[in-house]
Amino acid sequence: MKITHDLYIQLSRQQKGCAKRYQALFKVHVSHEELGRVRTATQSDMALGNDRFKEEI
């Protein structure tokens with residue numbers, strides 16, 4: 001049984017297009033500093049973003 005997430009399907013009408021667009025999301029280099037901020041926020045159950053974003057969530 002194949003289960004595909006709705007957001008993945010919305011990337012393109014064709015399977016190849018979905019795969020290419022999904023892969024493109026991970027071609028961006030994340031600096032060690034940013035990765036550290038993501039890990040710290042994740043481990044402390046805190047939001048990661050600017051003050052406006054934090055207030056909205």
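Where does Thr42 lie? Thr42 is placed in helix H3. Helices here are DSSP runs of H or I with at least four residues, strands are runs of E with at least two, and both are numbered from the N terminus.

The model is predicted, so local features need pLDDT of at least 70, side-chain atom pairs count only at pLDDT 80 or more, and totals for chains, interfaces and linings use all residues. Residues are numbered from 1 along each chain as its sequence is written, and side-chain values use heavy atoms, with hydrogens and water left out.

**Confidence**

The pLDDT is the predictor's confidence in each residue, on a scale from 0 to 100. The protein has an average pLDDT of 89, and 96% of the residues score at least 70. Among the elements, H3 has the highest mean pLDDT (95) and H1 the lowest (88). Where pLDDT is low, predicted coordinates should not be read in detail.

**Helix H3**

Helix H3 covers residues 32–43. The expected span of a helix is 1.5 Å times one less than its number of residues. For the twelve residues of H3 this gives 16 Å, which agrees with the 16 Å between its end C-alpha atoms. After H3 comes Asp45, with a positive phi near 55 degrees.

Thr42 counts as exposed because its relative accessibility is 55%; exposed means over 50% relative accessible area, buried under 20%, and partly exposed in between, with a 1.4 Å probe and protein chains only. A polar atom of the Thr42 side chain lies 2.8 Å from the backbone oxygen of Val38. A polar contact is a pair of N or O atoms within 3.5 Å; within protein, one must be able to donate a hydrogen and the other to accept it, and residues adjacent in sequence count only if both atoms are side-chain atoms.

**Salt bridges**

The structure holds two salt bridges, each being a side-chain nitrogen of Lys or Arg within 4 Å of a carboxyl oxygen of Asp or Glu.

| Salt bridge | Closest N and O atoms |
|---|---|
| Arg37 and Glu34 | 2.6 Å |
| Glu56 and Arg52 | 3.1 Å |

Arg37 and Glu34 are three residues apart in helix H3, so about one helical turn separates them. Arg37 is partly exposed at 44% relative accessibility, and Glu34 is partly exposed at 30%. Glu56 and Arg52 are four residues apart in helix H4 (residues 51–56), about one turn of the helix. Glu56 is exposed at 55%, and Arg52 is exposed at 62%. An α-helix has 3.6 residues a turn, so residues three or four places apart point the same way.

**Aromatic rings**

A search of the whole structure finds two aromatic pairs. Rings of Phe, Tyr and Trp (its six-membered ring) pair if their centres lie within 6.5 Å; planes under 30 degrees apart are stacked, over 60 edge-to-face, and the rest tilted. Tyr8 and Tyr22 are edge-to-face, at 5.6 Å centre to centre and 75 degrees between the planes. Tyr8 is in helix H1 and Tyr22 in helix H2, so this pair ties together parts 14 residues apart in sequence. The rings of Tyr22 and Phe26 are 5.1 Å apart at their centres with planes at 65 degrees, so they too are edge-to-face. Tyr22 is partly exposed at 41%, and Phe26 is exposed at 58%.

**Ser12**

Ser12 is in the loop between helix H1 (6–9) and helix H2 (15–24). Ser12 is buried, with a relative accessibility of 18%. Its side chain reaches the backbone nitrogen of Gln14 at 3.2 Å.
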